[in-house]
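Biologist: I am new to this structure. Could you show it to me and take my questions?

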Amino acid sequence: MNIVVCVKQIPDPAEPGSLDPGTKTLKRATKLILDESDSYGVEMALQLADAAGGGEVTLVSMAPNNEVSGLRTALAMGAAKAILISDPALAGSDALGTAKVLAAAIKRVEGADLILTATESSDGYTGTVPEQLAELLDLPSVTFAKHIEVSDGVVKVQRQTEAGYDDVECPLPAVVSVTAGVVEPRYPSFKGIMAAKSKPVDQLTIADLGIDPSQVGWAGAGQEIVSVEQAPARESGEIFEDDGTGAEKIVAFLENLKVI
Amino acid sequence: MLFTDEHEMFRRTIRDFIDHEINPHADEWERAGMFPAHELFPKLGKLGVFGIEYDPAYGGLGADHSYTVVYGEEFGRCATGGVAMAVSVQTDMATPALHRFGSHELKARYLAPAIRGEMVAAIAVTEPDAGSDVAGIRTRAVRDGDEWVINGTKLYITNGVQADWLCLLARTSDEGGYRGMSQIVVPTDVEGFSVSRKLDKLGQRSSDTAEISLVDVRVPITNTIGEIGRGFQQQMAQFQNERLIASYMATGQMAEALRRTGEYLQQRRAFGKALIENQYLAFRLAELVAEVDLLRHYNYACAEAIINGADQLTITKMASIAKLKAGRLQREVADTCIQFHGGIGYMEETWTARYFRDSRLLSIGGGADEIMLRIIAGLEGWGKL
Ligand SMILES: Cc1cc2nc3c(=O)[nH]c(=O)nc-3n(C[C@H](O)[C@H](O)[C@H](O)COP(=O)(O)OP(=O)(O)OC[C@H]3O[C@@H](n4cnc5c(N)ncnc54)[C@H](O)[C@@H]3O)c2cc1C
């Protein structure tokens with residue numbers, strides 16, 4: 001089974017990041033790493049390919065400056081190859097622009113049975129690319145997968161909901177977004193790291209994909225970040241002394257918040 | 001030394017592993033006085049940590065020594081020094097001689113599972129009456145047909161409670177002095193082997209340290225590592241790995257400790273300003289950052305010497321210098337970190353307290369500072385002091 005995983009390469013969350021005051025977007029001039037949200041999709045894909053007894057996992061990523069560090073991590077985990085789209089014209093792309101580019105790249109992967117994504121990226125957080133991608137590829141979309149099984153051209157997904165999960169089935173190929181934390185991503189081993197050095201990364205521009213520059217980047221963005229505000233400081237919590245009525249007080253508090 | 005992207009990825013793998021698989025358990029393992037080696041080691045085995053420079057025929061990675069530097073520096077960041085020490089016993093103290101001098105059968109039986117992390121190894125040199133003076137050991141292995149019959153006591157043996165086998169140094173003839181010793185692999189499930197005591201320690205508390213008793217323990221003569229009678233010399237070579245990894249780990253540990261202390265001094269306020277705005281504090285930390293950086297680059301010089309195949313005397317001198325300086329600097333750094341934290345630094349809930357205890361070992365274990373000075377003085381031609 002051949003699986004495509006869309007992976008984002010993001011600034012290391014451990015390093016203090018900053019916003020460009022002009023564009024109000026995250027500065028990305030630093031070395032990028034594999035978004036942890038995507039490591040679950042990569043792991044899921046590797047497990048599914050294993051269970052199917054073969055097939056390739058192909059990564060697709062759009063990133064500035066031909067950045068490959070994050071891709072190398074996913075290749076070291078075991079993915080077979082990668083497509084990287086990097087083009088100055090892509091700066092400022094919104095979610096839809098990103099989806100157009102990823103969709104065009106995915107079309108180049110022959111015989112892709114399944115396309116996995118994260119539910120949202122850790123830096124941009126729009127959470128809309130997977131569905132846009134499915135629409136552009138004219139494929140069914142299943143979201144928030146916590147468990148995936150494939151048999152006889154059908155993907156069976158446990159789709160996480162607030163109350164539990166739905167069992168969803170759909171024909172392949174399909175686009176499935178994987179919830180963070182549902183599998184334990186393997187650590188890239190030394191052997192994997194060394195093997196990743198020689199795995200192919202196909203570096204493309206938007207011209208290679210036949211995309212018009214006016215469709216992507218700042219030019220094509222239908223979304224704009226109008227203003228940015230500091231997150232409000234966290235307020236101090238409320239402390240209940242348990243004088244025998246502690247449980248009732250907590251219930252009343254939670255009812256007030258409408259969480260129960 | 002040139003670190004490539006692959007080095008950096010290996011560094012990140014180890015860092016992530018420590019953050020997820022070790023540090024969250026550090027407090028619990030410290031309290032228990034032991035970490036679960038048989039749970040942790042197989043996971044580390046999968047990453048390749050136990051066989052970085054070893055022959056792929058036994059599951060090793062066949063990488064060069066620069067990757068050992070990366071592994072060591074990162075393991076310095078463990079929130080409990082005991083685990084880092086235990087791991088380094090397996091990588092650089094109990095197995096190098098077996099890899100270098102052991103027979104194929106012995107390596108297949110004991111090295112390969114240690115590389116996979118399925119077997120836990122320990123190094124057993126020190127005895128109640130012989131520590132610094134290794135030539136004074138009394139544990140004796142007497143030949144009986146195809147077997148050694150071993151009697152003796154080993155003390156302060158790291159991993160000793162959990163180990164599956166020991167790299168044991170014993171007297172195998174009456175020649176005395178540096179002659180007539182051999183290194184023998186002793187599995188711990190043999191009759192006559194017992195852990196007499198699990199020792200209580202000042203620091204490195206997550207690591208189990210044992211006193212071990214050997215009474216008429218029988219192992220095949222073929223368990224001898226390398227040549228019979230060359231044990232002392234082989235062990236002296238093995239000590240160089242031990243001293244270098246200790247220095248690599250120390251630089252990682254010290255850099256992290258200074259970073260965290262700097263961070264705290266930026267937050268803590270007194271006399272109307274952040275503590276770090278006192279030039280004395282900032283300069284003192286800066287001085288230590290400089291010293292750690294010098295040591296780091298000395299470590300890199302040691303590593304290059306190894307990669308370039310320097311002779312044993314050169315490596316011995318460099319490893320002794322690195323270990324000496326690392327031990328002394330570690331004490332200074334730990335003392336300064338606790339001092340600049342003030343009262344909170346003395347509290348068990350703050351990392352500085354554990355670090356202070358853990359840091360004290362480096363100047364004693366693996367050859368005390370004075371023994372390093374003795375070696376360096378000897379190599380300078382000033383005699384056996
Ligand atoms: C936590 C811990 C873990 C250990 N793990 C292991 C292990 O896994 N395997 C193992 O075999 N051993 C292990 N050891 C033992 C360690 O290597 C010895 O403690 C160390 O070599 C010192 O030996 P000693 O304790 O017998 O001190 P001694 O030899 O009694 O020396 C005491 C002190 O005297 C001074 N001194 C000694 N000789 C001289 C000299 N010639 N000139 C000037 N000063 C001198 C030094 O300051 C030295 O610290 C461990 C020890 C500790 C504390």
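The questions and answers below go through the chains, the ligand and some local details.

Biologist: What should I know before reading residue names?

Modeller: This is a predicted model, where local features need pLDDT of at least 70, side-chain atom pairs count only at pLDDT 80 or more, and totals for chains, interfaces and linings use all residues. Residues are numbered from 1 along each chain as its sequence is written, while chains are lettered from A and ligands numbered from 1 in the order in which they are written.

Biologist: Which domains does the assignment give for chain B?

Modeller: The bounds come from an automatic or database domain assignment. For chain B it gives domain 1 (5-119), domain 2 (122-228) and domain 3 (232-379).

Biologist: How many residues do domain 2 and domain 3 of chain B give to their contact?

Modeller: The centres of domain 2 and domain 3 of chain B, taken over C-alpha atoms, are separated by 30 Å. Contact means that the C-beta atoms of two residues, placed from the backbone, lie within 7 Å. The contact takes 13 residues from domain 2 of chain B and nine residues from domain 3 of chain B.

Biologist: What classes of residue make up the side of domain 2 of chain B that touches domain 3 of chain B?

Modeller: Ala, Val, Leu, Ile, Met, Phe, Trp, Tyr, Cys and Pro count as nonpolar, Asp, Glu, Lys and Arg as charged, and the others, Gly among them, as polar. On that side of domain 2 of chain B, the division is eight nonpolar, five polar and no charged.

Biologist: Which residues are closest to the ligand?

Modeller: A residue is near a molecule if its C-beta atom, placed from the backbone, lies within 6 Å of it. The ligand is surrounded by 23 residues. The closest are Val125(B), Gly131(B), Ser132(B), Thr158(B) and Glu370(B).

Biologist: Which elements give two or more residues to the shell around the ligand?

Modeller: Helices (H or I, at least four residues) and strands (E, at least two) are DSSP runs, numbered from the N terminus. The shell draws at least three residues from each of domain 2 and domain 3 of chain B. By class, the shell has 11 nonpolar, nine polar and three charged residues. The elements giving two or more are β1 (121-124), β3 (147-158) and α13 (369-379) of chain B.

Biologist: Which element gives the largest share of the side of chain B that touches chain A?

Modeller: In this interface, 12 residues of chain B are in contact with 11 residues of chain A. On the chain B side, α1 (5-22) and α3 (37-47) give two or more residues. The largest share, seven residues, comes from α1(B).

Biologist: Is Leu265(B) buried, exposed or partly exposed?

Modeller: Leu265(B) lies in helix α8 (residues 231-267) of chain B. Buried means 20 or more other C-beta atoms within 10 Å of the residue's own, exposed means 12 or fewer, and partly exposed is in between, with C-beta atoms placed from the backbone. Leu265(B) has 19 other C-beta atoms within 10 Å, so it is partly exposed.

Biologist: How many residues of α3(A) are buried?

Modeller: Helix α3 of chain A covers residues 95-106. Its expected span is 1.5 Å times one less than its number of residues. That gives 16 Å for its 12 residues, which agrees with the 16 Å between its end C-alpha atoms. The helix is largely enclosed by the rest of the structure, because the buried residues number 12 of the 12.

Biologist: What covers the buried residues of α4(A)?

Modeller: Helix α4 of chain A spans residues 129-137, and its buried residues include Val129(A), Leu133(A) and Leu137(A). Their cover includes α3, β6 (114-118), β7 (141-151) and β10 (174-178) of chain A.

Biologist: Where is Asp138(A), and what is its phi?

Modeller: Asp138(A) is in the loop between α4 and β7 of chain A. It counts as exposed because it has 8 C-beta neighbours inside 10 Å. Most residues other than glycine have a negative phi, and most peptide bonds are trans. Phi of Asp138(A) is positive, near 60 degrees.

Biologist: What is omega for the cis peptide bond that joins Leu172(A) and Pro173(A)?

Modeller: Pro173(A) sits in the loop between β9 (165-171) and β10 of chain A. For the cis bond joining Leu172(A) to Pro173(A), omega is about -5 degrees.
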